[in-house]
There are 2 protein chains.
Amino acid sequence: MAGKPSASADKAKRAAALPPAAIPDAKSGANPVDLAIICGYGQFPAEVAAHAAAAGHRPYLIGIEGEAGDEISAFAHERMAWGQLGRLFRRLDELGIRRVAFAGGVHRRPEFRDFKLDWGGVKALPRALAFMLGGDNTVLSGTIKLFETRGIEVVGAHQIAPGLLAPSGRIGALAPGTKDIAGIRQAFLACKALGAFDIGQAAVAEGGRVVAVEGLEGTDEMLLRIARLRAVGKLSRKGTNGVLVKAMKPGQDMRADLPAIGPKTVENVAAAGLAGVALEAGHTLILERQVTTAAANRLKVFLHGIRPQEFA
Amino acid sequence: MAGKPSASADKAKRAAALPPAAIPDAKSGANPVDLAIICGYGQFPAEVAAHAAAAGHRPYLIGIEGEAGDEISAFAHERMAWGQLGRLFRRLDELGIRRVAFAGGVHRRPEFRDFKLDWGGVKALPRALAFMLGGDNTVLSGTIKLFETRGIEVVGAHQIAPGLLAPSGRIGALAPGTKDIAGIRQAFLACKALGAFDIGQAAVAEGGRVVAVEGLEGTDEMLLRIARLRAVGKLSRKGTNGVLVKAMKPGQDMRADLPAIGPKTVENVAAAGLAGVALEAGHTLILERQVTTAAANRLKVFLHGIRPQEFA
């Protein structure tokens, strides 16, 4: 973790506090970092960073304390607490970074006492309080405005790491059957119908009807629910049935909170006795693509990219 | 439990197998029962029966084996297994019953091996398989048709026990606040938006957004989810916030599966840290009204009846 700069420290002292990878190269004049990724939990932030680096970006990762994991240590990085917006903006200025992306969710909604508010944080408090909580387009647009008024562009993972986006058509070894397609349609339309309420990035359909809609609990928790419903016989225990659909909320800003799946999702889908997963092509993310696809093939789960116009 | 009649038994023998309360009175010519209530689990069937009896109906309760509890024993009753439709229709004929109501849900979706199919059941199999599973208007309308083609009218709990319906306005001691009203509106509209998908009889809103939508798991399970989200800090742990809304699916046939609350619902609402419950007036049921209202007052939870036109 990098040292905490104070407003009274001189420039040299501040530069010394930066991680080696982030110190601007005085000889070449080149800036070694040009993109900040503000990181929540999980492997997703590091994966976005790796994709971004592969695409020629030079990412600097800022991990939210208590959320970002060790994965971010593979890149130039530091950690900051909730509310240290003054420190954040100062650091971006020091590094000459004019582009920021968000990656990864937050486990815990911060309570007021979690905010180590500096002056920049106090000034931005009204908008910052709900910073990066996800699931709320109004909060997101407010957060984006907070950066934009300081001349910092907010970009999406899809822009800096487009290789993470789900393609259309068959993704793994298996394809959905006719009944699956009918279920995909129902769950997809349910997601879109819920878009106006800022929820509905995922739903499960089985036996001709939608049986679960994702709320704040997230996809893994919803899939555990399906497994429980099957265990008690409220869903058929014969064979694998039903589909998980992940879709973007209509009108959602793609710069945060895109629906995503990874190897764990596929395992939970199989454990829930579902036949497969349909993803809105170009608007959802597949993490660890190779591992995820291999898990799907091994567990006999289909992965399929759908385009909204198929269901219009 | 009454004896199982066989097709070859003569009328006298069959009449002898009926519970005393159900034997037609030869002297007066009066029929002691005039309404069958097909009973799932819980106290709801017996409560419907009590309300119906108070309103002058003479109910005969048919408990689904493995679902209906001891509560039905307070009334003339017998138990039947899934698929004994031949027996059911024969018994209705014997008793001269021309009206049937459904009350109570089923815990377990029957598997094929659960069906003790008699000939009447075999003939009706295509429609009977999904009998009384709830959450599927197509199945319900098919089931209703199955009775209607035999000249038996299917009535709703709201028709035979209208005292169970939620009124509009304040029901308990507390009323919702301004923020609660905003949440009620959001959750109510989310329920209605999901109606086309045959789900969405309940939703929870908190902090300006819908955070949970009920699927096949039911209201109690959804409320446990809210309690868990609060325990891990994904919902604020300060004070009581948020509202549970229960509403009828638009276009729903009111003759089965009306949304309902009871004392347990109120306890779960309090345990989830929610401020109260809003019910669609005239289209949802309050079980054990006095006990439910007393629990709400004791746990400082509001109960409020809303009319759809308030949110149009």
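Hi everyone, let's start with chain A: of its 312 residues, 49% are buried, where buried asks for 20 or more other C-beta atoms within 10 Å of the residue's own, with C-beta atoms placed from the backbone. Please keep in mind that this is a predicted model, in which local features need pLDDT of at least 70, side-chain atom pairs count only at pLDDT 80 or more, and totals for chains, interfaces and linings use all residues. As for labels, residues are numbered from 1 along each chain as its sequence is written, while chains are lettered from A and ligands numbered from 1 in the order in which they are written.

Chain A has 10 helices and 13 strands; these are DSSP runs, H or I over at least four residues for helices and E over at least two for strands, numbered from the N terminus. Among chain A contacts with a separation of 6 or more, 73% join residues 24 or more positions apart. A contact here puts two C-beta atoms, placed from the backbone, within 7 Å.

Now, how does chain A lie on chain B? A turn of 180 degrees and a shift of 0.1 Å along the axis does it, with an RMSD of 0.1 Å. The two copies are therefore related as by a two-fold rotation axis. The superposition is by least squares on C-alpha atoms of residues with pLDDT of at least 70 in both.

Finally, the interface: 27 residues of chain A are in contact with 27 of chain B. On the chain A side, α7 (178-193), β8 (209-213) and α8 (219-231) each supply at least two residues, and β8(A) gives the largest share, five residues. Because 100% of chain A's interface residues are also interface residues in chain B, the copies meet through the same surface. Thanks, everyone!

Key:
A residue is buried if 20 or more other C-beta atoms lie within 10 Å of its own, exposed if 12 or fewer, and partly exposed in between; C-beta atoms are placed from the backbone.
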